[in-house]
Amino acid sequence: MVSGDDHVAAARKNAGMCLLSCGVMYDQWMALALEEAVRARDAGEVPIGAVIVVDGAIVGRGFNQPISSGDPTAHAEIVAIRDAARHVGNYRLTGAVLCVTIEPCLMCIGALVHARIATVVYGAAEPRTGAATSTVRGLELPGLNHRVQVIGGVREVACRELMQTFFRERRSPPQPS
């Protein structure tokens, strides 16, 4: 995993041609992922959002919606992958960057590998279910036939605060009127 401060250098190493604007682009893309997370929050879902970028263009967007869709796999990452695959006309998203507000779970890690995502950029670590760096280094399992670059800590505070506020408000008792 790469810290937020090192994400430009890591992207350069991975892409070989990344310009100094990589850090700025990750920040801008994470802002869009945060907009998706707000959509999830407003729908009563856990506020996680994601965008997928290919050649600098947003090709997929998604926000958590397992409750409203009745689909336990409708995590922001999966929804964004499905949207991007439809948009580009291919289930392989070779060279794509996925920006997601919270570290992906193990299910989403598997989807990243199958979709051939090149880089996952996440905002805040998920210490209980995060499977990129926190609980399991799922992208480093030896049997995988594809490797994904991991960059964490982009807009970390904003991503973490959105989640913490959501759960604090849900768990607080209703205030008498």
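Me: In what order do the strands form the open sheet, and what is the pairing?

Reply: Strands of a sheet pair through backbone hydrogen bonds, either parallel or antiparallel. Here, in a predicted model, 5 strands form an open sheet in the order β2-β1-β3-β4-β5, with mixed pairing. Two strands count as paired if DSSP finds at least two bridges between them. The edge strands are β2 and β5 (149-152), each of which pairs on one side only. From one strand to the next, the twist averages 20°. Helix α2 (residues 22-42) packs on this sheet and touches β1, β2, β3, β4 (119-124) and β5. The direction of α2 makes about 50° with that of β3; axes are lines fitted to C-alpha atoms, for helices over the stretch in contact, and angles run from 0 to 180 degrees between N-to-C directions. Contact means heavy atoms within 4.5 Å.

Me: What should I know about the numbering and the limits of the model?

Reply: Residues are numbered from 1 along each chain as its sequence is written, and side-chain values use heavy atoms, with hydrogens and water left out. Because this is a predicted model, local features need pLDDT of at least 70 and side-chain atom pairs count only at pLDDT 80 or more, while totals for chains, interfaces and linings use all residues.

Me: How many helices and strands does the protein chain have?

Reply: Helices (H or I, at least four residues) and strands (E, at least two) are DSSP runs, numbered from the N terminus. The protein chain has 6 helices and 5 strands, and its elements follow one another as α-α-β-β-α-α-β-α-β-β-α from the N terminus on. Of contacts between residues at least 6 apart in sequence, 57% join residues at least 24 apart.

Me: How is strand β1 (residues 49-54) placed: buried or exposed?

Reply: Buried means under 20% relative accessible area, exposed over 50%, and partly exposed in between (1.4 Å probe, protein chains only). In β1, 6 of the 6 residues are buried, so this strand is largely enclosed by the rest of the structure. Both of its faces are covered: Gly49, Val51 and Val53 are buried on one side, and Ala50, Ile52 and Val54 on the other. For the whole protein chain of 177 residues, 47% count as buried.

Me: Which strands does β1 pair with, and over how many bridges?

Reply: β1 runs antiparallel to strand β2 (residues 57-63), and 6 bridges join them.

Me: Which residues is Gly62 in contact with, beyond its neighbours within four places in sequence?

Reply: Gly62 lies in strand β2 and is buried, with a relative accessible area of 1%. Beyond those neighbours, Gly62 is in contact with Glu36, Ile48, Gly49, Ala50, Ala76, Val79 and Ala80. Ala37 is 25 residues from Gly62 in sequence, yet the C-alpha atoms of the two are 8.4 Å apart.

Me: Which residues of helix α5 (residues 106-115) are buried, and what covers them?

Reply: An α-helix has 3.6 residues a turn, so residues three or four places apart point the same way. In α5, the buried residues are Cys108, Ile109, Ala111, Leu112, Val113 and Ala115. Their cover includes α4 (76-88), β3 and β4. Just after α5, Arg116 takes a positive phi of about 65°.

Me: How many disulfides does the structure hold?

Reply: A disulfide is a pair of cysteine sulfur atoms within 2.5 Å. The structure holds 0 disulfides. Cys105 is in none, and its nearest cysteine sulfur, that of Cys108, is 3.8 Å away. Cys105 counts as buried at 18% relative accessibility, and Cys108 counts as buried at 0%.

Me: How many aromatic pairs are found in the whole structure?

Reply: Rings of Phe, Tyr and Trp (its six-membered ring) pair if their centres lie within 6.5 Å; planes under 30 degrees apart count as stacked, over 60 as edge-to-face and the rest as tilted. The search finds 2 aromatic pairs. One of them joins Phe166 and Phe167 edge-to-face, at 5.0 Å centre to centre and with 80° between the planes. Phe166 counts as buried at 7% relative accessibility, whereas Phe167 is partly exposed at 25%.
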